[in-house]
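Please read it beside the sequence and the model.

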Amino acid sequence: MKATAADLWGPATQKLGRLGTLTADDIQAITALPMKVREVKAGTYLFREGDEPSHCCVLIAGYANRHKLTTDGSRQIVSIHMRGDIIDLQQLLLTTADHSVQTLTAATLGMISIRQMKDLARERPSVGEAFWRDCLVDASTFREWVLNVGRRDAPARIAHLLCEFGTRSESAGLSRNGKFELPMTQEQLADATGLTPVHVNRTLQRLRAQGLIERTMRSIDVVDWDGLKLVAGFRGSYLHESMGGLRNS
């Protein structure tokens, strides 16, 4: 059975609904936006730094990362994205991309014209406010990642990334009983935490030896959430997963 627009938009509108007060008419207007669905392979660039994107991208399935490159080609991953994320809302107002976005896995994307997204945000202020809040949560998350790389030790950095990923996976309906997919190689984890792949491997083994996690090639099973949060110093308020951390008009 072919997926409907409501199916394709479902995770994204659910997330936007947590960030703002959207009516049924608002959601209907969002799902009525013309969307071109693309299937892409792992490692596909959705855009690169310096591009001028013409479309916004909804991540319908799969995972992606934002990253920046130094002049010598070293990569710093600055965020991970999963089902339901609208990856490039900032491009509604910023013409030129200041970073790159690349898929971590095979992914299904929904491409929507930036012009039509801007028109909808103007026509429906509650939708525009939800878009704005989504960008603000991204900024909040970036700040936490700066703290993670700049001030936490290796076990705390890895533990924090796992706590965030697990929390967001649960919100996106991708986690069950503390077990979630972690579609990142040790090199990618290193690029996200400012460590070497060897240090990442040793740190994961240490967390496992402490009885906090079990790990397979592509999944994490958190055995002791409280213990993992303690190592990480994880406080999930920066994710603003409920309206409690957001101001209503």
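Two strands pair if DSSP finds at least two bridges between them. Helices (H or I, at least four residues) and strands (E, at least two) are DSSP runs, numbered from the N terminus. This is a predicted model, in which local features need pLDDT of at least 70 and side-chain atom pairs count only at pLDDT 80 or more, while totals for chains, interfaces and linings use all residues. Residues are numbered from 1 along each chain as its sequence is written, and side-chain values use heavy atoms, with hydrogens and water left out.

**Strands**

S4 and S5 form a hairpin, with five residues between them. Gly73 sits in the turn and has a positive phi of about 95 degrees. His67 has Ile77 in S5 as its bridge partner. S4 also pairs with S6. There, Asn65 stands opposite Gln102 of S6.

A three-strand open sheet has the order S1-S7-S3, with antiparallel pairing. S1 (36-40) and S3 (55-61) are the edge strands, each pairing on one side only. From one strand to the next, the twist averages 30 degrees. Val37 finds its bridge partner in S7, at Gly110.

| Pair | Residues given | Bridges | Direction |
|---|---|---|---|
| S4 and S5 | S4 64-69, S5 75-81 | six bridges | antiparallel |
| S4 and S6 | S6 100-103 | four bridges | antiparallel |
| S1 and S7 | S7 107-113 | five bridges | antiparallel |

**Helices**

Which strands does H3 lie across? H3 lies across S3 and S7, and runs at about 65 degrees to S7. Axes are lines fitted to C-alpha atoms, for helices over the stretch in contact, and angles run from 0 to 180 degrees between N-to-C directions.

H2 (residues 24-31) has Asp26, Ala29, Ile30 and Thr31 buried, meaning under 20% relative accessible area with a 1.4 Å probe, protein chains only. These buried residues pack against H1 (5-19), H3 (114-123) and H4 (125-151). Contact here means heavy atoms within 4.5 Å.

H6 (residues 186-193) and H7 (residues 197-209) pack at an angle of about 100 degrees, and their axes are 8 Å apart. The two helices are therefore roughly perpendicular to each other, a term for angles of 65 to 115 degrees. From H6, Gln186, Glu187, Leu189, Ala190 and Thr193 take part. They meet Pro197, Val200, Asn201 and Leu204 of H7. By class, this contact has five nonpolar, three polar and one charged residues. Nonpolar covers Ala, Val, Leu, Ile, Met, Phe, Trp, Tyr, Cys and Pro; charged covers Asp, Glu, Lys and Arg; the others, Gly among them, count as polar.

Terms used
Angles under 35 degrees count as roughly parallel, over 145 as roughly antiparallel, 65 to 115 as roughly perpendicular and the rest as oblique. Buried means under 20% relative accessible area, exposed over 50%, partly exposed in between (1.4 Å probe, protein chains only).
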